[in-house]
Amino acid sequence: MEALESAIGAINGIVWGPMMLVLILGVGLFLSIGLKLMPILKIGTGFRLLWSGRTAESGDEKEGEIPPFQALMTAMSATVGTGNIAGVATAIFLGGPGALFWMWITALIGMATKYSEAVLAVRYRETDEKGQHVGGPMYYIKNGLGKNWAWMGVLFAIFGAIAGFGIGNTVQSNSVADVLHANFEIPTWVSGVVMAVLVGAVLIGGIKRIGHVAGALVPFMAISYLVAGLVVLGINAHLLPQALDLIFTHAFSPIAAQGGFAGAAVWAAIRFGVARGVFSNEAGLGSAPIAHAAAQTHDPVRQGLVAMLGTFLDTLVICTITGLVIVSSGAWTGGESGAALTSQAFSTALPSVGNYLVAIALAIFAFTTIIGWSFYGERCVEFLFGIKAVTPYRVLWIIAIPLGATLSLDFVWLVADTLNAMMAIPNLIALALLSPVVFKLTREYFNKH
């Protein structure tokens, strides 16, 4: 086991090393420049389309399974998870306050990546045996790049189907069980079983039920968390200038050890800011376009404009609130990491309430992530083995939830983190190669509108 762990640790060091960060930021920057910064400049258009996309436009009902709004909420349900609460805290704990700045940069560039993923997902989607619209990186690699590249789509689907059990399942159920046990003394196995039952009930209904649940839960949980965060920032208002100074200064200069904080070089701020930023908003990972491919729309660009909001809302809004609460409270120097650090930061401003708020937010965030990622995993196994593989995958998915809740997960985190990077590689290559298609469709759309 130790040998296996050190081998995967070595692979993780390579796949999340400088090359990976250059690939993620490089492809995102290339797409941003090719799109002439359109995702940032047209953010208002995206929000307008999101609002009108609560129901499918006339004539679009047969073009997909769920309205554009629900497609974004399904993608957001998988995206907004432990990364927004524990991931931000880990980035600051390991990279210092400067890591938050690099998370912002990753998100601004990631908006172009997420936009391009959704455009290609809708452009190259297929209809399966059940008449459902299916798409994502494996389909745009197969249909966009042709036979010679098909192996890359297969690799993506294999990594996606397995990675889901880490990032989208056991890591989430473990975080929930952990935080509910710490705050409410609920036994971990009870949390695991209850989550498995609730997830099973949603999954039986397929993408339509997932879309309904995500459409109701995601806005509610995100707004509630934001309100709680803004209350804390209101209380800490006098500390915000100093917090912002720390973030911007230490994005470019090393930060010394203080309290329980071990100190961090600039490279650590960049590395953990980018890695945790991607872990949180999933831009470039190739997961979100699987949900966007199910949208009821005939226009790839319209769905792309809605999709890019996922990265904006996830990182530039929700992660920013978490990061500012942590840095302004000073809790990041106390030696805590992960969700415990976020809990401590909220409790500093809201004694005896803050930690419960974080516990409940984390539980709901993680629950919706398990639902959203199950859909991603199903689409990956369907691509590999056909529609008959979906039901066995669902059963395995539900069994994994209580297992994840009760086991020690250091190893699972490591495997999940490694597989995430391995999913991103074929997807990022495909995005770069298919970028002319994205640029052409975008030009045509904005010439008409």
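This is a predicted model: local features need pLDDT of at least 70, side-chain atom pairs count only at pLDDT 80 or more; totals for chains, interfaces and linings use all residues.
## Pocket and core at a glance

Counted by class, eight nonpolar, four polar and two charged residues make up the lining of the largest pocket. The pocket has a volume of about 350 Å³, while the largest nonpolar core takes in 145 residues.

**The largest pocket**
- Asn174, Ser175, Asp178, Ala339 and Ala340 are the closest to the pocket's centre among its 14 lining residues.
- Helix H9 (150-184), H16 and helix H19 (410-433) are the elements that each give two or more residues to this lining.
- The most comes from H9, which gives six residues.

- Helix H16 spans residues 338-349, and its buried residues are Gly338, Leu341, Thr342, Ser343, Ala345, Phe346 and Ala349.
- The cover over these buried residues includes helix H6 (82-95), helix H11 (206-235), helix H15 (300-329) and H17.

**The largest nonpolar core**
- Trp16, Tyr115, Trp332 and Tyr376 have the most contacts inside this core.
- Helix H17 (residues 354-385) supplies the largest share of the core, 16 residues.
- H17 also turns up in the cover over the buried residues of H16.

**A look at Tyr115**
- Which residues is tyrosine 115 in contact with, leaving aside its neighbours within four places in sequence?
- They are Leu35, Met38, Val301, Gly304, Leu305, Met308, Val438 and Thr442.

How values were computed:
Residues are numbered from 1 along each chain as its sequence is written. Side-chain values use heavy atoms; hydrogens and water are left out. A nonpolar core is a set of buried Ala, Val, Leu, Ile, Met, Phe, Trp, Tyr and Cys residues joined through side-chain atoms within 4.5 Å. Buried means under 20% relative accessible area, exposed over 50%, partly exposed in between (1.4 Å probe, protein chains only). Helices (H or I, at least four residues) and strands (E, at least two) are DSSP runs, numbered from the N terminus. Contact means heavy atoms within 4.5 Å. On a 1 Å grid over the protein atoms alone, a cavity is a set of points where a 1.4 Å probe fits but cannot get out, and a pocket is an open set with protein on both sides within 12 Å along at least five of seven lines; lining residues have an atom within 4 Å of a point. Grid points are joined across faces, edges and corners, and a volume is the space filled by probe spheres set on the points. Ala, Val, Leu, Ile, Met, Phe, Trp, Tyr, Cys and Pro count as nonpolar, Asp, Glu, Lys and Arg as charged, and the others, Gly among them, as polar.
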